[in-house]
Amino acid sequence: MNDAPATPIGRTLSPSELVTVMSHFHRAEIARMAGWRDRLDRTSNWAITVVAAMLSVSLSTASAHHGVLLFAMLLVLLLLWIEARRYRFFDVYRARVRQFERHYFAQIFSPQPDFASDWLLVVGESLRTPRFLVSQRVALARRLRRNYIYLMLILLLAWILKLWTPSLIDQHVPVGFVGTLREAIGAAALGPVPGGVIVTLVTLLYAGLLATAFLLSGDDGELSFGDVHV
């Protein structure tokens, strides 16, 4: 085994060559970041399509069971999990692009003395040993705050409307709302599962989502710099 110390491969780049390399690398990282950004948008579009389709099915006819909306909630949660995973990849490439913008281009346009002079080492280590910069929990919280909490709230309101409007459950019932809360909870029954259990589970689900989105703190990373973020 050769235990000799490693030596750099190739010659030292000239200033013009270094600028060329950095420009091409920056352009490549933007392309990769944009590709993962497109994947995020696709998942969000799928979630919006699911919500629109399920609302149309559930509220357009009394024969549609309220469980359709519960199923839609599960589908949206699945898409949220997929999008959070994609966001972790996107965040890696977004961080590299922002390193260039903040430490290289910004220093050209508005120089600051000794501003993060080791940033190229950080980028180099990221290339040598790529690692996620945010956890799955933080990614879930960010995507939930940005898009999914609103979709889930729309499904919740539609579910409540379905339970509180007998004509949306039985077409032979006149239009109007139920008289008591007990009637609405009873209408939430799902097969052999009592309505009270279903309501409790849905309440716990949304309490957990709200806590994840707004109460659990996490490392802001690139989001701590400025207010405009991709």
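**Figure 1. Contacts across the chain.** Residues 24 or more positions apart supply 75% of the contacts (heavy atoms within 4.5 Å) in the chain with a separation of 6 or more. This is a predicted model, where local features need pLDDT of at least 70, side-chain atom pairs count only at pLDDT 80 or more, and totals for chains, interfaces and linings use all residues. Numbering starts from 1 along each chain as its sequence is written, and side-chain values use heavy atoms, leaving out hydrogens and water.

**Figure 2. A chain of helices.** Here you can follow 6 helices and 0 strands; helices are DSSP runs of H or I with at least four residues, strands are runs of E with at least two, and both are numbered from the N terminus. Of the 230 residues, 35% count as buried, meaning under 20% relative accessible area with a 1.4 Å probe, protein chains only.

**Figure 3. Helices α1 and α4 side by side.** The axes of α1 (residues 15–60) and α4 (residues 136–164) come within 11 Å and cross at roughly 5°; axes are lines fitted to C-alpha atoms over the stretch in contact, with angles from 0 to 180 degrees between N-to-C directions. The two helices are therefore roughly parallel to each other, a label for angles under 35 degrees. Among the residues making this contact are I48, V51 and L55 of α1 and L151, I154 and L155 of α4.

Figure 4. You will find L190 in the loop between α5 (181–187) and α6 (195–215). L190 is partly exposed, with a relative accessible area of 33%; partly exposed lies between the under 20% of buried and the over 50% of exposed.

Technical notes. Parallel < 35°, antiparallel > 145°, perpendicular 65-115°, else oblique.
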